[in-house]
4 protein chains.
Amino acid sequence: MKMGKNRLEAFSDGVLAIIITIMVLELKVPHGDCWDDLLPLLPVFLSYVLSFVYLAIYWNNHHHMIHLCQRANGSILWANLHLLFWLSLIPFTTGWMGENHFSAAPCLLYGLVLFFAGAAYWLLQHTIIKSQGADSVLKHAVGSDWKGRLSPILYLVAIGVSFYWPAVSLGMYVLVALIWIIPDPRIERVTC
Amino acid sequence: MKMGKNRLEAFSDGVLAIIITIMVLELKVPHGDCWDDLLPLLPVFLSYVLSFVYLAIYWNNHHHMIHLCQRANGSILWANLHLLFWLSLIPFTTGWMGENHFSAAPCLLYGLVLFFAGAAYWLLQHTIIKSQGADSVLKHAVGSDWKGRLSPILYLVAIGVSFYWPAVSLGMYVLVALIWIIPDPRIERVTC
Amino acid sequence: MKMGKNRLEAFSDGVLAIIITIMVLELKVPHGDCWDDLLPLLPVFLSYVLSFVYLAIYWNNHHHMIHLCQRANGSILWANLHLLFWLSLIPFTTGWMGENHFSAAPCLLYGLVLFFAGAAYWLLQHTIIKSQGADSVLKHAVGSDWKGRLSPILYLVAIGVSFYWPAVSLGMYVLVALIWIIPDPRIERVTC
Amino acid sequence: MKMGKNRLEAFSDGVLAIIITIMVLELKVPHGDCWDDLLPLLPVFLSYVLSFVYLAIYWNNHHHMIHLCQRANGSILWANLHLLFWLSLIPFTTGWMGENHFSAAPCLLYGLVLFFAGAAYWLLQHTIIKSQGADSVLKHAVGSDWKGRLSPILYLVAIGVSFYWPAVSLGMYVLVALIWIIPDPRIERVTC
């Protein structure tokens with residue numbers, strides 16, 4: 001069912017494109033026309049940049065993963081929708097974190113949604129591997145998946161420390177993004 | 001006219017992706033940064049989850065149905081646009097229901113739009129079957145269509161009881177979603 | 001350059017899907033939960049229905065027209081973007097007309113944008129026909145194009161009478177929509 | 001990896017379509033129904049037209065450029081996301097400039113974002129050329145790229161004069177748009 005895969009890609013691209021773009025709507029145009037009027041927007045802008053990078057990473061990896069998925073079935077479609085659900089909450093958590101200058105509760109919620117999005121991504125990956133049977137191309141490409149194993153641990157630590165030092169948890173979200181921003185040589189090798 | 005079908009899919013994917021994503025905009029970022037500030041958003045969030053699941057079901061079934069439609073004609077294009085019209089009202093009814101904590105009138109309107117969306121889906125299915133003639137692949141795949149027959153009855157009952165017990169009608173909307181969330185084995189068998 | 005045509009379709013589908021969906025955002029969720037609270041939204045809803053139908057017609061005809069366009073060039077891409085520009089103003093004019101209960105100036109502006117969108121559509125059609133040379137498939141399919149000739153006249157009359165009887169001009173917009181809603185048998189015959 | 005290129009196009013089309021359309025949301029429906037009520041919206045409308053033209057130019061040139069890119073790799077995907085990031089800020093800078101009647105700081109920021117978008121476009125072009133090796137089709141098509149060389153200089157001059165004469169810098173943004181609106185004969189020749 002190649003067609004099914006095409007629409008899965010098209011729909012995911014559509015949802016991701018909209019999520020990434022409506023975050024900009026949180027950057028509300030200030031009334032004044034001085035540089036000082038932009039200052040209160042700085043934390044909103046910085047959290048926008050972080051979330052843009054996260055969604056870009058998800059799009060990039062989703063793209064590589066689905067490329068190695070020959071056919072879609074009902075479970076894969078639902079696992080994909082489940083991932084999109086968690087990603088769709090990122091504009092909200094981004095806005096809350098940005099408008100409150102990275103205080104404790106918003107930083108925790110931001111990490112929680114990232115954790116569930118990561119879990120949903122792992123579940124989708126697992127569902128595709130299972131559907132491919134014994135000699136799964138995706139399983140071979142993913143390999144030890146140390147990034148996928150490390151990220152949830154880092155998210156949980158970040159969530160834990162957010163009560164005391166939200167700045168540290170924020171730094172860990174940036175760290176996870178940096179780990180992922182480097183494309184996976186294994187999958188890249190197989191797909192290119 | 002394969003091309004026509006492709007654009008029908010692409011346009012429907014686009015509209016569904018946007019509908020599903022703009023619902024998040026109803027989750028307005030609260031001004032405070034405490035957990036208590038999120039509490040008033042809980043009913044809005046729950047109604048978002050319900051509507052996300054409904055739209056995911058529609059996308060999933062639409063995807064299976066159009067897969068069995070070899071070619072599009074004018075009637076199919078319009079029947080599809082008619083379905084998208086009713087689905088486009090879901091963000092509004094979701095927002096109204098969530099912001100009023102599932103009170104009577106919003107619960108009724110929510111069910112009414114679901115009822116008309118279901119009717120529009122049935123009409124689209126009927127239009128495709130009719131266009132395929134005597135040995136319609138879709139007709140064969142749909143079979144007795146007990147879900148399609150049961151849903152409108154459940155919607156109408158839910159609309160009826162919403163005057164007295166909105167919670168019961170809400171439970172019935174969840175029930176219909178659960179019935180549909182399980183992919184139809186018949187269509188799945190044919191398409192995979 | 002088949003690829004060019006595909007992206008022209010994909011981009012137009014995307015823009016049209018978004019235009020058609022963001023109009024719903026004008027239907028602002030009322031604060032109360034009674035049926036009376038919905039009443040002030042009725043004119044906004046009715047103007048939404050009218051504009052939804054107009055954009056559906058544009059999508060439908062655009063779809064048939066591009067189907068008969070074998071290859072895209074720079075002029076066609078720009079003529080298409082010019083059409084999308086005018087269509088992108090429809091959510092604004094729809095909202096202004098709906099919120100002011102179809103009074104004179106909003107009704108005039110609504111017609112003016114429809115007039116320019118119609119002119120842009122004609123220009124795009126003309127550009128494609130010109131690019132196809134002497135034995136243009138599209139020219140043959142369009143035929144006498146009586147709808148394309150009648151619509152601008154009806155729009156101009158509607159704009160003229162909107163000063164005195166906005167209701168009449170509104171009725172004429174509905175009339176033009178009804179004329180177009182019936183698919184063109186000529187193009188349908190060629191493409192199906 | 002042809003597939004990769006298709007999704008790169010689809011995702012870029014999605015993001016560009018949304019960026020171009022959400023700018024319209026800055027055109028907020030006025031409460032009154034007289035022509036005078038539209039007057040304050042004129043600068044917002046004019047800046048919308050300018051940004052629409054800029055995004056249309058980017059879509060057009062992006063379309064021609066990717067057409068000459070046979071395969072995508074990780075660097076190209078990220079260079080493309082980087083371009084989309086800067087373009088995603090245009091609705092914000094457009095809104096700020098329009099609401100403040102083209103005063104100094106907003107005009108400067110508008111030019112700054114255009115400058116970075118132009119630089120990101122150049123970087124994407126460079127990344128594709130590099131991936132194509134010695135006999136790059138794109139390099140051949142781009143040629144001397146005088147537009148790509150002239151634009152950043154004009155942007156920087158416009159940014160410089162915006163402190164004293166914002167109107168002049170605005171005129172230069174219009175000038176750059178006019179330079180680009182004419183399709184590049186070199187690329188056009190190769191692709192059509």
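A crossing of two helices is left-handed if the near helix is turned anticlockwise from the far one by less than a right angle. In this predicted model, helix α2 of chain D passes helix α8 of chain D in such a left-handed crossing.

**Helix pair in chain D**
- Helix α2(D) spans residues 42-67 and helix α8(D) spans residues 166-181.
- Their axes come within 10 Å and cross at roughly 35 degrees.
- On the α2(D) side, the contact is made by Leu50(D), Val53(D), Tyr54(D) and Ile57(D).
- On the α8(D) side, Tyr173(D), Val174(D), Ala177(D), Trp180(D) and Ile181(D) take part.
- By class, this contact has nine nonpolar residues, with no polar and no charged ones.

**Relation of chains A and B**
- Chain A is superposed on chain B by a rotation of 90 degrees with 0.0 Å of shift along the axis, at an RMSD of 0.0 Å.
- The two copies are thus related as by a four-fold rotation axis.
- Gly14(A) is the residue of chain A that comes closest to the rotation axis, with its C-alpha at 4.3 Å.

**Interface of chains A and B**
- In the interface, 26 residues of chain A are in contact with 25 residues of chain B.
- On the chain A side, two or more residues each come from α1 (2-22), α3 (74-88), α4 (90-99) and α5 (104-132).
- The largest share of that side, 10 residues, is given by α1(A).
- The chain A side has 16 nonpolar, eight polar and two charged residues.
- Only 12% of the interface residues of chain A are also interface residues in chain B, so the copies meet through different surfaces.

Notes. Residues are numbered from 1 along each chain as its sequence is written. Chains are lettered from A and ligands numbered from 1 in the order in which they are written. This is a predicted model: local features need pLDDT of at least 70, side-chain atom pairs count only at pLDDT 80 or more; totals for chains, interfaces and linings use all residues. Axes are lines fitted to C-alpha atoms, for helices over the stretch in contact, and angles run from 0 to 180 degrees between N-to-C directions. Helices (H or I, at least four residues) and strands (E, at least two) are DSSP runs, numbered from the N terminus. Two residues are in contact if their C-beta atoms, placed from the backbone, lie within 7 Å. Ala, Val, Leu, Ile, Met, Phe, Trp, Tyr, Cys and Pro count as nonpolar, Asp, Glu, Lys and Arg as charged, and the others, Gly among them, as polar. Copies are superposed by least squares on the C-alpha atoms of residues with pLDDT of at least 70 in both.
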